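The sequence and the model are shown below.

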Amino acid sequence: MIDPASEGTASPASLRVLRKRPQFLALNRAVRVPAESFLLQARDRGDGDPVIGVGFTCSKKVGNAVARNRAKRRLREIARLELPTRGRPGWDYALIGRAEVTAGRAFEALRDDLRRALAKAHDKAGG
């Protein structure tokens, strides 16, 4: 039986966390979009797999382990909320934290940054 509340809406894509170095290296050669609170890297894998890949990283410039982990938690949460509906199936994304900004920025501002960065990345990639 079809749920009437879900009629006419696209089902959100599933997310897969990127963990291997070659995945991040491939993203490093792809579209780069600086946002106010992080850097977004995005690429179309072109492999036909509809799953959205997402990775997170924060260098030691972001701060000590506590600051890096806080920044990554915040990046993971905005990705969980925004990528299933705004990300493109078959794409990989990496969110790279920025020193003193990612952990301290207002949460809604972080979400807005990701929305704008995704729109720019998709425009740069040609549609």
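## Aromatic pair and sheet architecture

Across the whole structure, which is a predicted model, a search finds 1 aromatic pair. The ring centres of tryptophan 91 and tyrosine 93 are 6.1 Å apart and their planes meet at 20°, so the pair is stacked; the cut-off for stacking is an angle under 30 degrees. Tryptophan 91 has a relative accessibility of 6% and therefore counts as buried. Tyrosine 93 is likewise buried, its relative accessible area being 0%.

Both residues face partners in a neighbouring strand. Opposite tryptophan 91 in β5 stands aspartate 44, while tyrosine 93 in β5 has alanine 42 opposite. The two strands concerned, β3 (residues 38-44) and β5, run antiparallel and are joined by 7 bridges.

The sheet to which these strands belong is open and has 5 strands in the order β1-β4-β5-β3-β2, with mixed pairing. At its edges stand β1 and β2 (31-34), each with a single partner strand, so one side of each has no neighbour in the sheet. From one strand to the next, the twist averages 25°. Strands of a sheet pair through backbone hydrogen bonds, in either the parallel or the antiparallel sense. The pairings are listed in the following table.

| Strands | Sense | Bridges |
|---|---|---|
| β1 (residues 15-17) and β4 | parallel | 3 bridges |
| β4 and β5 (residues 91-97) | parallel | 5 bridges |
| β3 (residues 38-44) and β5 | antiparallel | 7 bridges |
| β2 and β3 | antiparallel | 4 bridges |

Leucine 15 stands opposite isoleucine 52 in β4, and the bridge partner of glycine 53 is aspartate 92 in β5. Between β4 and β5 the chain passes through helix α2 (residues 65-86), and this β-α-β crossover is left-handed.

How far is strand β4 enclosed by the rest of the structure? Of the 6 residues of β4 (residues 52-57), 5 are buried, so this strand is largely enclosed.

## The hairpin at one edge

Strands β2 and β3 form a hairpin, with 3 residues between them. In β2, Val31 and Val33 make up a covered face, whereas Arg32 and Pro34 make up an uncovered one.

Helix α3 (residues 107-124) lies across β2, β3 and β5, and α3 runs at about 35° to β3.

## A loop residue and the confidence of the model

Is arginine 19 buried or exposed? Arginine 19, in the loop between β1 and α1 (21-28), has a relative accessible area of 70% and is therefore exposed. Its C-alpha atom is separated by 19 Å from that of glycine 87, a residue 68 places away along the chain.

The chain has a mean pLDDT of 89, and 91% of its residues reach 70 or more. Over residues 1-10, by contrast, pLDDT stays under 50, and for this stretch the model has 1 contact beyond four places in sequence.

Terms used:
Residues numbered from 1 in each chain as written. Predicted model: local features only at pLDDT ≥ 70, side-chain atom pairs only at ≥ 80, totals over all residues. Heavy atoms only, no water. Buried < 20%, exposed > 50% of the residue type's maximum accessible area, 1.4 Å probe, protein only. Pairing = 2+ DSSP bridges. Right-handed = clockwise from strand over helix to strand, strands pointing away. Axes fitted to C-alpha atoms, helices over the stretch in contact; angles between N-to-C directions. Contact = heavy atoms within 4.5 Å. Phe/Tyr/Trp six-rings, centres within 6.5 Å; stacked < 30°, edge-to-face > 60°. pLDDT = per-residue confidence, 0-100.
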